[in-house]
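Subject: Handing over the model

Hi,

Here is the structure I promised to pass on. Please have a look at it first, and my notes follow below.

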Amino acid sequence: MEFNKARDIFGMYVFDRRAMKERLPQHIFEALMASIEGGQKLDSAMADMVAAAMKEWALSKGATHWTHWFHPRTELTAEKHMSFMSKDENGMPIESFKGKELIQSEPDASSLPSGGIRSTFEARGYSAWDPSSPAFIMMSKKGGTLCIPSVFISYDGTPLDLKTPLLKAVDAVETRSMRLLKLFGNRGIKWAHVTVGAEQEFFLVDNPVAKDRMDLKYCGRTLLGCCPPKGQQMEDHYFGSIPSRVLSFMEDVERDLYRLGVVITTRHNEVAPCQFEFAPQFADANLACDQNQQIMDIMRKMAKRHDFQLLLHEKPFAGLNGSGKHVNFSIMDSEGRNLLMPSSNHRKNIQFLMFLSAFLLGASKFHSLFRASIASPGNIHRLGGNEAPPAIMSAYLGTTLTNILEAVEKGLPDDMPAQALIDLGMNKLPSVMADNSDRNRTAPIAFTGNKFEFRAPGASQSIAGPLTMVLAAWAWGLEKMGDMIESKIGELDVIDAAIESIRFAASESRNFRFEGNAYSMEWQEEAKRRGLTVTNTTPEALALFLLPENRELLSRLNIMTEREIIAYYEIRIEQYIKTVEIELGILRNMVWEGVLPAISKQILMESAALASLPEESRKEAVSWNAYIARLGTLKNKLLSASDKLEGLRERLHTMEMEEQSAAITNEGLPLCEYIRNLCDTAESILAGDNLPYPTYTKILSIS
C-alpha cells in the first residue's frame, strides 16, 4: 500500500498562517497577526471575515461542524459541536459561521469542575477564542469538526480552565525576559517565547485481554495481580525492536498528527514490557499544551482501531515502571536564539547564566508549587519508583555548571578581574554541555544542555498545570534578577551587575541543587535539613497550593486570584477523592465477583480430590490439608477486609471533603494494598482454570 509523504499532508487540517494568508485579504491577515502576536483585539467586522474564511476552508476539507475546544480542569478537553448547516427563511439549507460565534460561545458550565465557584443552577459559562493557537479539524469517518482552541470562563469572568492561567504565566515570563534582554542591550529583539516539548509515555495492551479486567477498563490500572516471572528485570525492552502491531499503531498516529501540524521526533520502547514513548518537536508553550492533548486524543482513538487498550495511568502495573510526561522547557527569542543555550560569546554566556540562575532562584523559593502541581491520584503510586523521580523537588545541573555557579558564588581573588572567570570557564562550556555532561535520572528537574526537563508530571496529566507553576516561579526569579541588575547599574556596568545577581541566585538556590542519588534515604534526611518540602501523599502535596507565599505569588503575577487558587485546590482534592472512591468500589466488586468464588472453587476441587484418596493416604496428606486450610484462611481474611472496605465507603458519604481525603489516604489506600496482597497470594496458588482474571503474563504479551 502506498502512503502520501509526510510533507505532502503536513498541516493540511490546520488553519495556520499559510492557510490564513491564502484565504484572507492582506489587511485582515495583518490585523489577525497583530492580534496573535501583540494581543490586539479584532473588531467585529474583521472577526466576521476571519470566520467566513475559516468556515470556507473547513468546509473544503469536509468539516460539517465546529466547536470551541477548551481545557476544563478535568485534565481532558471538552467540546460542544455546532453544525454549520442551518435553514434560510425559505427552508433552504445554508452554511453559516459568524464572527461572534468564532469569538465567543456558551457551553454549560454547571457540570464541569469549578471548586465551588459555580453552583449547579448557575449554568452559564463562556468559551472564548484563543487566536494564538491555530484552529484545526478533527476528522471522522463521515466528516469532520472544526476545533477552535479557546479559554473557558464562568459568567462573572472567573477562569474555569487550565489554559487561562497558563497563558498568564507564559506572559509573565515573556515580559520579564524581554526586560532582561533589553538591559543587556538586545534592542532588536521583538519577542521572547517560552518553548516546550512534552515527552509522552504510555502502555499498550491487547484489548481482548484487557476488556476482561474491570480495573483496567474503569481505573486505567490493575488493582490486583501478581508480578510476572519475567517483567523488566532483563532490561531487554528499552530501545528494543518495536513490535510490528505497535509500530503500525505508531505510524498511523504519526500520520494523523502530521495532518495537524504536529511532528513526533522520537518513538521508542520504554523500560517496562508494553511501555512506549512519543516525543514531539518543541513548540510555543500554549501550542505545545494543545498539541499534547491532540496526541493523547489521537492515541486513544487509534488504539481502538488497532484492537489495543491505551493506558495513560501513572502506574498501571505494580512492580513495573510507571509512565510520566517529561516537560522540557526553554525560552527562544525573535532572532532564533535559545536563551538556555551556552555560547562561545562571553557576553551571551553571562546572559545564559542569568536566565538559568533566575529559574533556579524562583524554583528554590517556590519548589512546593512544583510538588503541588504534579500531585494526582495516579502519581502517588509512581513517584519514587524505578525510573520515576522522587517526590522531593530538586534540580540537577551537572558538574560543569555546578562548578561555575560555585565559583561565581565564592567570588574571585582580588588580583583577578571579573572578566577572567568568564574567559576561563565559559569558553569551555558549549562542548562540555553538549558532549560530556552526565544525566541524573533520579532528579525531578534536570538541565539537559539547552533546556530544563521537569520529569515529575504524570502521563495522564495536562501539562498546563505543572507548566503554569514552573513558569510562575521562573517569572519571579526573572523579576528579582532584573530588579537587582537595575539597582546596580550606575555603580556597575551591566555585566558586573548581572554577575552580582547570578552570585545571589547561586547562593540562594544552593539548597535546591543536588547532584547525587535522589532515590537514596540519605537524600530524604538531607532534603529536610536543607528546608525542602517533603510530602508523600497527594492531599499533603495539594495543600501546598494554599501556602501564603504560593497564593501571594500567583495572585501578584495575575495568574490566579486567591479565590481561584482555593477553587483549584478543591477541584484537585475532589478529583483525588472521586478517583480513589471509584477504585475502592471496583476492587470490592472484583473480590466478590471473581476472587472469592475462585477460592471457593479451588477449595471444593481440592477437598473432593483429597476425599477420593484412601483413608491412609489422606492421613499422610499433611501439606495438602495445610494448602486447603491456607485457602480457607485467605478467604476469611478477604471477607473481613472486604467488610472493612464496604464500611469505609459508607462512612465517606457522611464526611466533609478534608475528612474524606484523610480517610481515603490513611485508611483506604493501605486497606487496598492489604486486599491486593491477599488476592495476589490467592492468584499465586490457584489453578489456571480457576483464575478469575487475565494475569500480568497474559496482559503484558502483545499478540
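Predicted model: local features only at pLDDT ≥ 70, side-chain atom pairs only at ≥ 80, totals over all residues.

Residues are numbered from 1 along each chain as its sequence is written, and side-chain values use heavy atoms, with hydrogens and water left out.

The sheet

Strand E11 (264–269) is joined to strand E12 (residues 275–280) by 5 bridges, and the two run antiparallel. Strands here are DSSP runs of at least two residues (E), helices are runs of at least four (H or I), and both are numbered from the N terminus. Two strands pair if DSSP finds at least two bridges between them. Both strands belong to an open sheet of 4 strands, ordered E11-E12-E10-E14 with antiparallel pairing. At its edges are E11 and strand E14 (308–311), each pairing on one side only. From one strand to the next, the twist averages 25 degrees.

Helix H10 (residues 285–305) packs on this sheet and touches strand E10 (200–206), E11, E12 and E14. Its direction makes about 155 degrees with that of E14. For such angles, axes are lines fitted to C-alpha atoms, for helices over the stretch in contact, and the angles run from 0 to 180 degrees between N-to-C directions. Contact means heavy atoms within 4.5 Å.

Aromatic pairs

The structure holds 24 aromatic pairs. Rings of Phe, Tyr and Trp (its six-membered ring) pair if their centres lie within 6.5 Å; planes under 30 degrees apart count as stacked, over 60 as edge-to-face and the rest as tilted. One of the pairs is Phe202 with Phe276, which is tilted, at 6.1 Å centre to centre and 40 degrees between the planes. Because Phe202 lies in strand E10 and Phe276 in strand E12, this pair ties together parts that are 74 residues apart in sequence. Phe202 is buried at 0% relative accessibility, and Phe276 is buried with a relative accessible area of 0%. (Buried is under 20% relative accessible area, exposed over 50% and partly exposed in between, with a 1.4 Å probe and protein chains only.)

Another pair, Phe317 with Tyr696, is edge-to-face, with 5.2 Å centre to centre and 85 degrees between the planes. It links distant parts of the chain, 379 residues apart: Phe317 is in the loop between E14 and strand E15 (327–333), Tyr696 in helix H25 (residues 696–699). Both Phe317 and Tyr696 are buried. Ring pairs also link a cluster that includes Phe329, Phe352, Phe447 and Trp474.

Other places to look

Which residue does the side chain of Thr535 meet in a polar contact? The partner is the side chain of Arg371, at 3.2 Å. (A polar contact is a pair of N or O atoms within 3.5 Å; within protein, one must be able to donate a hydrogen and the other to accept it, and residues adjacent in sequence count only if both atoms are side-chain atoms.) Thr535 is in the loop between helix H18 (521–530) and helix H19 (538–542), and it is buried at 8% relative accessibility.

Helix H6 (residues 163–183) is largely enclosed by the rest of the structure, because 15 of its 21 residues are buried. Just after H6, Gly185 takes a positive phi of about 85 degrees.

Best wishes
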